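My entries follow in the order in which I made them.

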Amino acid sequence: MSKVNDFLTEAKVFFLATADGDQPKLRPLGAHLEMDGKVIFGVGDFKAVYRELCANPKVEIVALKSDNHWLRYTGRAVFETDPKYAEANLEALPRLRDIYNDKTGYKLMMFHLEDATAVDIPMMGEGENLL
């Protein structure tokens, strides 16, 4: 998982693809963390992306690095039940506490991918499996 985490860190911004019924949805993300052998992502419980992940947990994440390598990370989103993951994300990005707190009532829902594949693909050539 460290190779996936390192790739996402170097890319800085990556895109999460979900489905809203039969309509694909794509959005940029940047926050992630590696804990307990998993790469963990977070979304707000009040956002459409959370509802989409609950309805259909199949997702794909794509990132592009400056060396023109791109990552295709595909799997099934599984939400974490231990609050330590959300707390770790809030510690890493304290500005998120303005959004996710008792006053707003919004919760940061953390997930990782299971049944996943991750491929580092150069612009030209064969991809390398990272998992």
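I began with Lys84, which is partly exposed at a relative accessible area of 35%; I use buried for under 20% relative accessible area, exposed for over 50% and partly exposed for in between, with a 1.4 Å probe and protein chains only. What I have open is a predicted model, in which local features need pLDDT of at least 70 and side-chain atom pairs count only at pLDDT 80 or more, while totals for chains, interfaces and linings use all residues. Residues are numbered from 1 along each chain as its sequence is written, and side-chain values use heavy atoms, with hydrogens and water left out.

Next I looked up the partner of this lysine: the side chains of Lys84 and Asp36 form a salt bridge at 2.8 Å, N to O, the term standing for a side-chain nitrogen of Lys or Arg within 4 Å of a carboxyl oxygen of Asp or Glu. Lys84 belongs to helix 3 (residues 84-92) and Asp36 to the loop between strand 3 (33-35) and strand 4 (38-44), so the pair ties together parts 48 residues apart in sequence. Helices (H or I, at least four residues) and strands (E, at least two) are DSSP runs numbered from the N terminus.

I then noted a salt bridge between the side chains of Glu60 and Arg72, at 3.3 Å from N to O. This pair links distant parts of the chain, with Glu60 in strand 5 (residues 58-64) and Arg72 in strand 6 (residues 70-79), twelve residues apart. Glu60 is partly exposed at 25% relative accessibility, and Arg72 is partly exposed with 36%.

For Arg76 and Asp115 I found a salt bridge of 2.9 Å, N to O, between the side chains. Arg76 lies in strand 6 and Asp115 in strand 7 (residues 108-121), so this pair ties together parts that are 39 residues apart in sequence. Arg76 is partly exposed at 31%, whereas Asp115 is exposed at 64%.

I counted ten salt bridges in the structure, and I also noted that Glu10, Lys65 and Asp67 are linked in a network of salt bridges.

Is Thr18, my next entry, buried or exposed? Thr18, in strand 1, counts as buried because its relative accessibility is 6%. Its side chain makes a polar contact of 2.8 Å with that of Arg27, meaning a pair of N or O atoms within 3.5 Å, where within protein one must be able to donate a hydrogen and the other to accept it, and residues adjacent in sequence count only if both atoms are side-chain atoms.
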